[in-house]
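Please open the model in your viewer and keep the selection tool at hand. The stops below are meant to be taken in order.

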Amino acid sequence: MGNCQAVDTARVVIQHPNGKEEKLSCPVSASYVMKMNPGHCVSLLISTTALSSASSGHGGPLRLTRIKLLRPTDTLVLGHVYRLITTKEVMKGLMAKKCSKLKKESKGSDDKLEMVKAINSTKLDNEDQVICDYKDYHV
């Protein structure tokens, strides 16, 4: 009997937004994947499990999945799972992060926050292509 599980882990897995999984047997650059899938950014899935708290009432451990957006120069490594994210979703996440940061800083300046939201919504509507940033945000 062979070691079948070792073969499965020695692949690059790319999850598409439509649920399709693409498995590659050799490392590739993020720019190559982005060229093959225009309008998408490549992100690395990072899963962590937090200890369960008795007050949550769920009874099991809490699983938190974060993503890290990759630069086009990064290489997709064997054994990791990556996800393609549309540039529109990336912009929504970055703008939400920016709005929450402004909300914390201003605390009471609602006019400024509303103005930033209006500007961001027009940016999202007019955005054709985005250069992916490599900041983390929650899924």
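The tour of this predicted model passes from its nonpolar cores to a loop proline and then to the cysteines.

**The largest core.** Begin by selecting Ile14, Val33, Val42, Leu70, Leu76 and Tyr82, the residues with the most contacts inside the largest nonpolar core, which has 13 residues. Next, colour strand E1 (12-15), helix H2 (30-36), strand E4 (40-50) and strand E7 (81-86), each of which supplies at least two residues of this core. The largest share, three residues, comes from H2.

**Ile14.** Centre the view on Ile14 and display its surroundings. Leaving aside residues up to four places away in sequence, Ile14 touches Lys20, Glu21, Glu22, Leu24, Val33, Leu76, Tyr82 and Leu84.

**Pro17.** Move to the loop between E1 and strand E2 (21-24), where Pro17 is found. Pro17 has a relative accessible area of 51% and therefore counts as exposed, the cut-off being over 50%. Beyond residues up to four places away in sequence, Pro17 touches His40 and Leu84. Draw a distance between the C-alpha atoms of Pro17 and Leu84: the separation is 6.3 Å, although these residues are 67 residues apart along the chain.

**The cysteines.** Finish by selecting Cys26 and Cys99. Is each of them buried, partly exposed or exposed? Cys26, at 42% relative accessibility, is partly exposed, whereas Cys99, at 14%, is buried. The count of disulfides in the model is zero.

Conventions
Residues are numbered from 1 along each chain as its sequence is written. This is a predicted model: local features need pLDDT of at least 70, side-chain atom pairs count only at pLDDT 80 or more; totals for chains, interfaces and linings use all residues. Side-chain values use heavy atoms; hydrogens and water are left out. A nonpolar core is a set of buried Ala, Val, Leu, Ile, Met, Phe, Trp, Tyr and Cys residues joined through side-chain atoms within 4.5 Å. Buried means under 20% relative accessible area, exposed over 50%, partly exposed in between (1.4 Å probe, protein chains only). Helices (H or I, at least four residues) and strands (E, at least two) are DSSP runs, numbered from the N terminus. Contact means heavy atoms within 4.5 Å. A disulfide is a pair of cysteine sulfur atoms within 2.5 Å.
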